[in-house]
Amino acid sequence: MGDEIYTRLREHIDSMPAGYPATDSGAEIKMLKKFYTPLQAQIALSIGPMPETAQAIAARLDMDEKEAVTQIQTMASQGSLFRITTPDGALFRHPNFIMGLYEWHVHAVDKEVAELADDIYEGLFEHHWKNRKTKQLRVVPVGTSVSGKDTVKSYDMIRDLVKGPGKGPYAVAPCICRVEQIKKGNEVTRPLETCLTFGLVAQYYIENGIGKPLTQDQLMEKIDECEAANLVPFSTNSKEIVNMCMCDKDSCQLFRNLGKFPKPAQEVHAAFHAAIDADACIGCKKCSKKCQIDAIVQTDIPAAKKRFVQRVDTDRCIGCGLCVGTCPQNAITMVENAVFPDVPDNAIEMSVRMAKERMAIAAASKEMA
Ligand code: SF4
Ligand code: SF4
């Protein structure tokens, strides 16, 4: 089958809502060869985003049904297909690459995979993140920064977002971006086990040994640990979430790519930005050291002051709230953005919106050609 099967698989994964664009280096094809045998690639081509039984998929394949079912089950256990366990048996569907099969291969990342990932992320940001109305992730402000605010939505309160009936089970897995850094030989100073999943996705993580189960109390401790380690919560861009990344600028692909934009604030969904009271600020710069996107900068000396103070660059601030608790003067507050993000109800609605936007963009480009 040669490379052609992987090219077709690349196109198939690119047809999923989050996309999988071609890169100049061909990193995306090399990555697929690491994760799929040619037979598995062939099977994946027959599987779409809607859940089906293995038997229904096998019936479309030109191979022995028993062998096909075994292959489908193996692919799900390796992280290449999503499996939903129901009382009536397992259902399978094709996932996105990012926020999907890539993260599910976290235990298969080696130095080569880690280096290929850089080009793949750059392609994804260029083609499927930049200027997109609906992105896959949104910033959830850290709990201490917005607690007590009566205008904050429940899905922007990190603890309300993740706990309560129907939100479990919970799982934690190694952060794939920090694993990449370790495999590249770079030092990682932040906690490794910070990739959080919820509900059906957590169940899949636990069943396949991708992540470990957490109780609700352990989840709360994990969120505290992440805040203490200066990690920015990015959840599924929906009110009911399935995953939460805990990102930092030293390791994470998200920050590496967001940092390239002149106005990162325009490239994320966030409900808040930080503001510094110049009269209260003593210019200690503790907040600047916390900020993961370099959004806190020195400003001119106000006339009444004899020293510099800090100010927030609202084109860069992504509203994470990490700076708030660090200020010895309580000079930083979180302020609602003028436009509140229109947050989808759940991951399915988010995916449908993303897919429709991609179709509209493709139709517009076709018309212009
Ligand atoms: S200034 Fe930086 S740390 Fe503070 S909320 Fe904005 S992005 Fe987060
Ligand atoms: S931590 Fe507070 S006092 Fe120190 S520079 Fe930042 S805003 Fe000013």
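In this predicted model, ligand 1 is surrounded by 14 residues. The closest are Ala274, Cys291, Cys317, Cys320 and Cys323. Sorted by class, the shell around ligand 1 holds 11 nonpolar residues, two polar residues and one charged residue.

Two helices were examined as a packed pair. Helix 2 spans residues 27–35, and helix 7 spans residues 111–129. Their axes lie 8 Å apart. The angle between helix 2 and helix 7 is about 135°. The crossing of helix 2 past helix 7 is left-handed. On the helix 2 side, the contact is made by Ala27, Glu28, Lys30, Met31 and Lys34. Helix 7 contributes Glu112, Val113, Leu116, Asp119, Ile120 and Gly123. By class, the residues of this contact comprise five nonpolar, one polar and five charged.

Glu225 belongs to helix 12, which covers residues 216–228. Around Glu225, 15 other C-beta atoms lie within 10 Å. A buried residue needs 20 or more such neighbours, and an exposed one has 12 or fewer. The count for Glu225 sits in between, so this residue is partly exposed. Glu225 was also compared with Ala56. In sequence, Glu225 and Ala56 are 169 residues apart. In space, the C-alpha atoms of Glu225 and Ala56 are 44 Å apart.

Key. Residues are numbered from 1 along each chain as its sequence is written. Chains are lettered from A and ligands numbered from 1 in the order in which they are written. This is a predicted model: local features need pLDDT of at least 70, side-chain atom pairs count only at pLDDT 80 or more; totals for chains, interfaces and linings use all residues. A residue is near a molecule or strand if its C-beta atom, placed from the backbone, lies within 6 Å of it. Ala, Val, Leu, Ile, Met, Phe, Trp, Tyr, Cys and Pro count as nonpolar, Asp, Glu, Lys and Arg as charged, and the others, Gly among them, as polar. Helices (H or I, at least four residues) and strands (E, at least two) are DSSP runs, numbered from the N terminus. Axes are lines fitted to C-alpha atoms, for helices over the stretch in contact, and angles run from 0 to 180 degrees between N-to-C directions. A crossing is left-handed if the near helix is turned anticlockwise from the far one by less than a right angle, and right-handed if clockwise. Two residues are in contact if their C-beta atoms, placed from the backbone, lie within 7 Å.
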